[in-house]
Structure formats: C-alpha cells, structure tokens
Amino acid sequence: MKGRAAQFPDIESKLEQLLGQGADPDGALELLVDILIERGRNLQLGKREHCADLIRSVFPSCTNPALADAAKRLAGLDFVPPKLLKSLAERSMQAAGERSAGESGAASEAVVAIVAEARPDDLRAIAAHPGLDKTVTASLIARGDREAIRTCVRNRKAKLARATFEELVGMAKDDGEIRQALCHRPDLPEAVVPGLWERCEDTERARLLVAGFSGEAGEPDPAAPSGPDEPEDPQEDEKIKLDRQLSEIILQYADTGSLARMSRNLAERAGIDEGIAFDLICGSYEHGAVLLARAANVDEWTFLQLVCARMKLASGTSAPHRALKLFREYPRDEAKAVLAEVIAARNTDAEEAKRAMAQRRKKTDIA
C-alpha cells in the first residue's frame, strides 16, 4: 500500500493506474478512501454517503491489510459517515475469521483503530460482535463507556485477557450488571474469583458455584491462545506436588471412603439434594466445598479429610492449609443463605432446560 501511494501520489494518477491494470479491489478501496479524505469535508452530505456506499461495496473483495489501512486512515475524521466506520469494523471482524492468521492480526488492528475513535452507539454495536479478540476487547474497555463494557462482558464469544478480567473485577464493585455478567462467563479465570466473590451478593455467589466455570453456554475455545497475559509459574508444579503429599499423609489417618459417600453424608446433614452436594464438592471453585461443609456444620478435621479426598480427584483444587483457613473464616449463616440461592439457581436452570426441550420437540413435531 505504501509503495502504491509513493508511485501514484494524487487521485488522478491512481485512477489512471487502476484503470490500466484492471480490477484491483485493494487499489479501488485506497482510491475511494483518498477521495473521501481529501474532498469529503467539502462534499454535500448526500455525496459523502454515496462515496461511503461505494467504499462499502468493495469490502468483500479486499484483503485484511487493505481494510486495516482504510480503518486507520478514516478513524477520527469527524466528516466520515458513522455507518461507514461501523461497517468497516464489522467487515474486519468477519474477515478475521476467514483469512490467514497474519491477516487476522491486521483485521484486529483495523478494529482497534476504529474503537479508539468510535461514537458511543457504534462502540456498543461493536461490543456485541461475536468475533472480538483480546486486543479489541482491551481497547474497548479502555474507552470507559460503561454500556459498551457491559455489552462486551455479556458477549460470551468475545475473548478477554487476564488483565482485562482483573480490571472488570475492579469495576464490578459498584456495577451490578458487570458483576452479574462476570458470574455467567464460562472463561472466568479462577485466579480472579476471590476478588469477585468479595463483591458478590448471595445470588451471584450461587451462580458462580452452580456454573463451576464449565460453560453454561459451552466450554471456552481450547484453540484460543492464552497470550502473554497468563505467564506460567515454574514453581506451580512443585507446589501442587507438595500439597498432594500433605493430603496423602492426612488420608493415612482417616478412612474417608468415596466422595460420593461423603457427599451423601453432608447432603443429609445440610438438608439438601445429594446431587447438589456432590457438585459443590467436585466443582472447580473451593468455595463450593467450604459452603457445603459449613452448612452441614462439620468440624475442621472432617472438612480437612474432605479437602484431601477431593485433591485425589481433581488437580486444580485448593491446598489443605488454604482451604482450612477459608473454612474458618466463612460464616455459617452466610453459607446457608448462599446454599439456598444455589438450590434456587439450579431449579431455575432445570426449568429453562425443560422449556428449551419442549420448544425443540414442538419444532420437530411441526417439521
């Protein structure tokens, strides 16, 4: 693109070159963008819109680098029709899923450039798009428009970086919509949950426990790159190994039996369904087991046995000493209140599943 601009510096020579070489969508896009930038401010509104329509017409045939270049040049110009930038952002995000990895990066750059200058309404429309990557969502959050941020967090197909999640947890303290949306995200990193938990109401804590970070709307995309925002801890494997050795020592002095048997006993003591108790014990978030044990009013030794037995089953569970500290600090009244909300959330999910099944059967019968 830069070579073409240097060789043909004005609109007329670019048009002559384009006509001489035949169909070249990228060249046509560059020429039309030139016209809008150089002469758009003095054009009547109707003619600007016509120019924007022409630009949109070549989008489907253009490469991502050409779209990115157009976005960077048009973003921030007050006379550019807003719908053009919105269309360019949508096409760039669509193209990111269709082209090579290198061109996808160019498409993301194009959207970032548009986000930096987008008007609030366009920003909110972009936030709802399912193809947002981490760089785009980070730039969108940085704009600070709360409605756009809420839309972005509710968009479960938008990828969020670890640093973005941490920033959102900070906003969740005084924004209930962001807090609720975070509690429903299947890709919520476990490391940010303690900070979020402190800000949550009972119903939201229940949702965290019921969801278990295992995707009410599907598992997170395993092919999605974790990115540099999630560095690995080289000592983490050694810590897990030591925690497991500790749990094995504790289990030598107690016959806990199976987790299924433990869940039955705790469910009976807490007065809840056995299936809910088992899910709380085996979920990915340590508050589930703590909540159940506190509601069942067990002693610390029984709880420690539960944690150690749980560690034999799942690698990502809490270390015994950390879980015991949390158990001691967790108020029993709060545990019972959250547990009641867990049951209510589970019942709501079951009813929604029944309604969805009934609708699918109805459509099948009609077909």
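Let's start with Asp 174 and Arg 146. They form a salt bridge, with the closest N and O atoms 4.0 Å apart. The pair links distant parts of the chain, 28 residues apart. Asp 174 sits in the loop between helix H11 (162-171) and helix H12 (176-183), while Arg 146 belongs to helix H10 (residues 146-154). A salt bridge here is a side-chain nitrogen of Lys or Arg within 4 Å of a carboxyl oxygen of Asp or Glu. Helices are DSSP runs (H or I, at least four residues), numbered from the N terminus.

A word on the source. This is a predicted model: local features need pLDDT of at least 70, side-chain atom pairs count only at pLDDT 80 or more, and totals for chains, interfaces and linings use all residues. Residues are numbered from 1 along each chain as its sequence is written, and side-chain values use heavy atoms, with hydrogens and water left out.

Back to that pair. Asp 174 is exposed, at 63% relative accessibility. Arg 146 is partly exposed, at 30%. The cut-offs: buried is under 20% relative accessible area, exposed is over 50%, partly exposed is in between, with a 1.4 Å probe and protein chains only. Both residues belong to a network of salt bridges, together with Glu 147, Arg 150, Arg 154, Asp 175 and Glu 177.

How many salt bridges does the rule give? The count comes to 19.

In helix H4 (residues 45-58), Asp 53 and Arg 56 are three residues apart, about one turn. Their closest N and O atoms are 2.5 Å apart. Asp 53 is partly exposed, at 39%, and Arg 56 is partly exposed too, at 23%. In helix H8 (residues 120-127), Asp 121 and Arg 124 are also three residues apart, about one helical turn. That bridge has an N to O distance of 3.8 Å. Asp 121 is exposed, with a relative accessible area of 58%, whereas Arg 124 is partly exposed, at 31%.

Now the aromatics. A pair of rings is described by the distance of the centres and the angle of the planes. Rings of Phe, Tyr and Trp (its six-membered ring) pair if their centres lie within 6.5 Å; planes under 30 degrees apart are stacked, over 60 edge-to-face, the rest tilted. The whole structure holds two such pairs.

Trp 197 and Tyr 330 have ring centres 6.4 Å apart and planes at 65°, so this pair is edge-to-face. Trp 197 is in helix H13 (residues 193-197) and Tyr 330 in the loop between H20 and helix H21 (332-366), so parts 133 residues apart in sequence are tied together. Both residues are buried.

Phe 303 and Phe 327 have centres 4.4 Å apart and planes at 15°, so they are stacked. They link helix H19 (residues 300-313) to helix H20, 24 residues apart. Phe 303 is buried at 1%, Phe 327 at 3%. Arg 294 lies over the face of Phe 327, 5.2 Å from the ring centre. The rule there: NZ of Lys or CZ of Arg within 6 Å of the ring centre and within 35 degrees of the ring normal.

Last stop, H20 itself, residues 320-329. Which of its residues are buried? Pro 320, Ala 323, Leu 324, Leu 326 and Phe 327. They cover an arc of only 160° around the axis, which puts them on the same side of H20. That arc is taken from the directions from the helix axis to the C-beta atoms. The face turned away carries exposed His 321, Lys 325, Arg 328 and Glu 329.

Notes
Helix = DSSP H or I, 4+ residues; strand = E, 2+ residues; numbered from the N terminus.
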